[in-house]
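Try each task before you read its solution.

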There are 2 protein chains.
Amino acid sequence: MGEQDVLKQTGKQTSTGDISPVERLHVLIAADMAATDRMIHARMTSGVALIPDLARHLIDSGGKRLRPMLTLAAARAGGYRGDHHVRLAAAVEFIHTATLLHDDVVDESALRRGKVSANLMWGNKPSVLVGDFLFSRAFQLMVETGDMAVLDILAGASAIIAEGEVMQLKSSNTLSVTEDHYFKVVSAKTAALFAAAAHSGALLSGGNDGYVSGMRDYGENLGIAFQLVDDALDYSGRQALLGKAVGDDFREAKMTLPIILAHARARPEDKPFWTRVIETGNQTESDLDRAITLVEQTGSIQETMRRARAYADAAKAALAVMPDSDIKRALGDIADFCVERAY
Amino acid sequence: MGEQDVLKQTGKQTSTGDISPVERLHVLIAADMAATDRMIHARMTSGVALIPDLARHLIDSGGKRLRPMLTLAAARAGGYRGDHHVRLAAAVEFIHTATLLHDDVVDESALRRGKVSANLMWGNKPSVLVGDFLFSRAFQLMVETGDMAVLDILAGASAIIAEGEVMQLKSSNTLSVTEDHYFKVVSAKTAALFAAAAHSGALLSGGNDGYVSGMRDYGENLGIAFQLVDDALDYSGRQALLGKAVGDDFREAKMTLPIILAHARARPEDKPFWTRVIETGNQTESDLDRAITLVEQTGSIQETMRRARAYADAAKAALAVMPDSDIKRALGDIADFCVERAY
């Protein structure tokens, strides 16, 4: 499950009835977001009808477009007055969508954003190829910005994302996976695109080095916080309250931080349970409940959330490079919201 | 089967004992080819060991690197004196390799260049992701050339290749596929990269517009000729003599030109055969022999080769933009060789 599912699900309202900070940022850059949406739809077209049909399945499924939002916000808050940031934001969303399509092949995941995944509907073949098409379109859009530095950032991020996804393959069914390995995977597969989205927008704006690296740091830390919270929510009653499936990671025997911690902290008599459900992948109906109980008993969710909080705080601290503005306040609140949505 | 299999298989010698023109061109630009090989190996590395392990499976399997050869030749014959053409050539080979890796997922092909395909050995997941990694590396290499125009060409070609592959999905199990559809697929999935390889090298050289568009035309026509010959060879005794598998396309019920023609020209009593083996995909052991007989009886191989000859001639004609040189003669002979290898 991606963070956008959660954002979508919680809707525009927080538990206190306020508009969420993601929605607030959307309103602040509404014209740019609308232009990005038009750009996305204009450039996902193809004479080969299956391509937009399949792409639309993900692109119009109600995601909040958080990554392109970071690009637009970083460009505007950096004083950018042109319109190339819209192409860059569309490129970022295309790279994200291509990654999801290829990740569906990878994980054989049945659900993505609450809809039947594209690769279940159309098969692996079209999902891979439409991902390739969107990835190519992303580079065409970046070429149109005429800015070699943003191309460099996003080409580099794309290579790192692929490395992270390959690293993650080793993270299933292997109890010996370390925290260090886990954080390397998260930095690569999730945080690299958050970082590149904000970084490239800041760079396009012509902001100074401090601003540019600050925005990159904001994106990177926000991305790690988001992934940690997602991984915690997969074992959380909060998730179940929201009507979302719980236990996707568990069923795939993924070594996310809650499991790494729960296994490390497990009583001797619980170790064989983890060996069976993770190493052998031999799971029965009631195992998820027991896993959730053990994860909670060992304080592993709290510890995962404590780490997420630290990354969210680092993201907010990175915003010090930005002059005070409504955009800055919204970005800071998004970092808080990312963690608070779990409670 | 790719054209490089055939080149590899026929070795350095033609049937008359001469060195093949592909080999001759390789010798003419030997230093550039060696530098490209070093660049390829230097840039396919990753801290994630599975990536170079899997990539090496294709990259070191003895392909002749015909596409990067076109890039280097077009750059050098256009008077280029720098060294960015080596990065560009490596990028072209990475895009080609990524396409093969994703095509293996697509076609569930068991053999590629005579070796067990990467996706059979490692699974679909790593093949898709390593393809993504190489594709990203290709764009990083292009960024390093600092030439936005070559980025534009190769990003555009990559989108067209993906479109061609998606179009090709509709080309199986469907007797109503037209020649027009077939040629659109071939232009997109095969010729687009040949064209872009030569085009981008010419552009990098700073050649005039005539030279640049001539080299693009050479690549495009050569690519179509190559694909036509490959599709003919799949039903050919010549292929069997070379010890290669025949009938891969047939078993996948692919509507290549030999089948499109054989079906269009079929006697009424042979139509039900084609309906069964292509539309329903219900094939028995002896069907390939019957298909080969029918393809030959209807003159469909000859007609396919006649078309290939015309594209090879168009490729040679496009070379008129190039001043006389050993490289020009080798490129012309490669166009002839591409067709003659089938006899």
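**Exercise 1.** How much area do chain A and chain B bury between them, and what share of it is on carbon and sulfur atoms?

*Solution.* Keep in mind that this is a predicted model.
- Step 1: The two chains bury about 3300 Å² between them, with 80% of it on carbon and sulfur atoms.
- Step 2: Look at who supplies chain A's side. Helix 4, helix 6, helix 8 and helix 9 of chain A each give at least two residues to the side that touches chain B.
- Step 3: Sort the residues on that side of chain A: 20 are nonpolar, 9 polar and 8 charged.
- Step 4: Count the pairings across the interface. The rule finds 0 salt bridges, while 6 residue pairs are in polar contact.

**Exercise 2.** Find out why helix 14 of chain B is described as largely enclosed.

*Solution.* 

**Exercise 3.** Decide whether M142(B) is buried or exposed, then list its contacts.

*Solution.* 
- Step 1: Locate M142(B) in helix 8 of chain B.
- Step 2: Buried means under 20% relative accessible area. M142(B) has 0% relative accessibility, so it counts as buried.
- Step 3: Leaving aside neighbours within four places in sequence, M142(B) is in contact with L88(B), A91(B), I95(B), D147(B), V150(B), L151(B) and L154(B).

Note on methods. Residues numbered from 1 in each chain as written. Chains lettered and ligands numbered in written order. Predicted model: local features only at pLDDT ≥ 70, side-chain atom pairs only at ≥ 80, totals over all residues. Heavy atoms only, no water. Buried area = accessible area lost by both parts, 1.4 Å probe. Salt bridge = Lys/Arg side-chain N within 4 Å of Asp/Glu carboxyl O. Polar contact = N/O pair within 3.5 Å; in protein donor to acceptor, adjacent residues only side chain to side chain. Helix = DSSP H or I, 4+ residues; strand = E, 2+ residues; numbered from the N terminus. Nonpolar A, V, L, I, M, F, W, Y, C, P; charged D, E, K, R; others polar. Buried < 20%, exposed > 50% of the residue type's maximum accessible area, 1.4 Å probe, protein only. Contact = heavy atoms within 4.5 Å.
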